[in-house]
Amino acid sequence: MAEGVLGQITAEDFPDKLYISIDLDFFDASVAPGTTAPEHGGVMPVDFFSLLRAMGITKPLAGVDIVEVSPMNDNQSGTTMLLASRTFLEAVTGMALRKTGITDPWYIHPDLIDK
């Protein structure tokens, strides 16, 4: 999935900046129960986060929005709210990596790696 999307984004005829709108019911209902239309068999976050980071690395982001969060439908742990926060964090991380010149969406700072 990621390679195909990134191939389209990097094409010469693609716009210079990206606006990313993320509908949280795109994720599997097991990780995003607090939406108005939970999607059984949806995408798992681990499969999407690297793509989201890579989009932020590949092109400047003009904006990011996250929709379909329904706190009334969420569980007591606030799983969907946490997922929304983490999704936004991954987009901002891609922007920060781009600014520092790091092009690996799986980059981990050396200080965070056990030695």
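Of the 115 residues of the protein chain, 37% count as buried, where buried means under 20% relative accessible area, exposed over 50% and partly exposed in between, with a 1.4 Å probe and protein chains only. The model is predicted, so local features need pLDDT of at least 70 and side-chain atom pairs count only at pLDDT 80 or more, while totals for chains, interfaces and linings use all residues. Residues are numbered from 1 along each chain as its sequence is written, and side-chain values use heavy atoms, with hydrogens and water left out.

The secondary structure comes to three helices and two strands, in the order α-β-α-β-α from the N terminus. These elements are DSSP runs numbered from the N terminus: helices are H or I with at least four residues, strands are E with at least two. Along the principal axes, the C-alpha atoms of the protein chain fill a box of roughly 45 × 40 × 25 Å. Taking contact as heavy atoms within 4.5 Å, residues 24 or more positions apart account for 74% of the contacts with a separation of 6 or more.

The largest nonpolar core has 17 residues. Such a core is a set of buried Ala, Val, Leu, Ile, Met, Phe, Trp, Tyr and Cys residues joined through side-chain atoms within 4.5 Å. Those with the most contacts inside this core are I20, F27, F48, L52, M55 and L83. Strand 1 (18–23), helix 2 (45–58) and helix 3 each give two or more residues to the core, and helix 2 gives the most, with five. L83 touches L24, F27, V31, A32, P45 and F49, not counting residues up to four places away in sequence.

| Helix | Residues | End-to-end C-alpha distance | Expected span |
|---|---|---|---|
| Helix 3 | 22 residues | 31 Å | 32 Å |

The buried residues of helix 2 include P45, F48, F49, L52 and M55. The buried residues of helix 3 are T80, L83, A84, T87, E90, A91, T93, G94 and L97, and what covers them includes strand 1, helix 2 and strand 2 (61–67).

Helix 2 and helix 3 pack at an angle of about 35°, with their axes 7 Å apart. Axes are lines fitted to C-alpha atoms, for helices over the stretch in contact, and angles run from 0 to 180 degrees between N-to-C directions. The crossing of the two helices is right-handed, that is, the near helix is turned clockwise from the far one by less than a right angle. Among the residues that make the contact are P45, F48, F49 and L52 of helix 2 and L83, T87, E90 and A91 of helix 3. By class, the contact has nine nonpolar, five polar and four charged residues; Ala, Val, Leu, Ile, Met, Phe, Trp, Tyr, Cys and Pro count as nonpolar, Asp, Glu, Lys and Arg as charged, and the others, Gly among them, as polar.

Just after helix 3, G101 takes a positive phi of about 90°. W106 lies in the segment after helix 3 (79–100) and is exposed, with a relative accessible area of 54%. Leaving aside neighbours within four places in sequence, W106 is in contact with V46 and S50.

Conventions
The expected span of a helix is 1.5 Å times one less than its number of residues.
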